[in-house]
Amino acid sequence: MKMRKLILATGLMLAAAFALPAQAELKIATVRSAEIADKAPQFKSMQDKLKAEFERKQNDLEAEAKKLNDDGTNFQREADTLTSDARDKKAKDLTTRRIDIESKARKLQEDFGKRRQELFAQTMGSIKNVIDAIAKEKSLDLIIENPVFAKNDLDITDDVLKRLSAPAAAK
């Protein structure tokens with residue numbers, strides 16, 4: 001029984017001795033994602049694309065809603081002077097237009113959210129590619145995102161931002 005314990009203890013010590021050098025060679029870096037989101041030109045480009053694609057539609061919808069609101073105000077003013085049939089027809093028309101505008105607003109919001117997710121995924125893909133390239137070049141084993149604390153010399157955020165700001169990466 002003592003012999004087994006001695007062999008087991010020796011085996012554990014040998015395993016620990018061989019594991020320590022492997023752990024000492026582990027190369028770790030950190031990256032600050034909030035800073036990348038703030039400074040990377042790809043995020044600005046993503047926002048510009050979204051604005052270009054949806055600003056006109058949003059403005060058109062807002063103009064349509066304002067026109068409906070104005071027509072509703074006019075209807076309230078002149079409702080007493082209209083015949084019953086004319087009043088009912090006008091009220092039904094206003095209700096139909098309101099429902100249509102609400103439907104268009106929901107659809108626009110859905111389209112915007114879907115497009116934002118697509119562009120965000122593309123942007124994150126290009127950022128991940130840059131981080132992967134830097135990791136390979138520096139022979140890194142692990143990159144930790146947003147650590148609570150890390151030495152400045154472990155941080156590769158500036159390297160990532162430089163690559164993302166390069167003309168070829170900004171496309």
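Of the 171 residues in the chain, 20% count as buried. The model is a predicted one. Its secondary structure amounts to five helices and two strands, and these elements follow one another along the sequence in the pattern α-β-α-α-α-β-α.

**Overall surface and contacts**

- The chain exposes about 12,900 Å², and carbon and sulfur atoms supply 57% of that area.
- Among the contacts in the chain with a separation of 6 or more, 84% are accounted for by residues 24 or more positions apart.

**The packing of helices H4 and H5**

- Helix H4 covers residues 84-137 and helix H5 covers residues 157-165.
- The two helices pack at an angle of about 125°, and their axes are 10 Å apart.
- The crossing of H4 and H5 is right-handed.
- On the H4 side, the residues that take part in the meeting are Ser-126, Ile-127, Val-130, Ile-131, Ala-133, Ile-134 and Glu-137.
- On the H5 side, their partners are Asp-159, Val-160, Arg-163 and Leu-164.
- Sorted by class, the contact of H4 with H5 contains seven nonpolar residues, one polar residue and three charged residues.

**Ile-101, a residue of helix H4**

- Ile-101 is found in helix H4.
- The relative accessible area of Ile-101 is 9%, so this residue is buried; the cut-off for buried is under 20%.
- When neighbours within four places in sequence are left aside, Ile-101 is in contact with Leu-61, Glu-64, Ala-65 and Leu-68.
- One of these partners, Ala-65, lies 36 residues from Ile-101 along the chain, and the C-alpha atoms of Ile-101 and Ala-65 are separated by 6.8 Å.

**Glu-35, a residue of helix H2**

- Glu-35 is found in helix H2, which spans residues 33-39.
- Is Glu-35 buried or exposed? Glu-35 counts as buried, because its relative accessibility is 17% and buried means under 20%.
- Residues up to four places away in sequence not being counted, Glu-35 touches Thr-157, Asp-158 and Leu-161.

Notes. Residues numbered from 1 in each chain as written. Predicted model: local features only at pLDDT ≥ 70, side-chain atom pairs only at ≥ 80, totals over all residues. Heavy atoms only, no water. Axes fitted to C-alpha atoms, helices over the stretch in contact; angles between N-to-C directions. Helix = DSSP H or I, 4+ residues; strand = E, 2+ residues; numbered from the N terminus. Left-handed = near helix turned anticlockwise from the far one by under 90°. Contact = heavy atoms within 4.5 Å. Nonpolar A, V, L, I, M, F, W, Y, C, P; charged D, E, K, R; others polar. Buried < 20%, exposed > 50% of the residue type's maximum accessible area, 1.4 Å probe, protein only. Areas by Shrake-Rupley, 256 points an atom, 1.4 Å probe, with all protein chains shown as cover.
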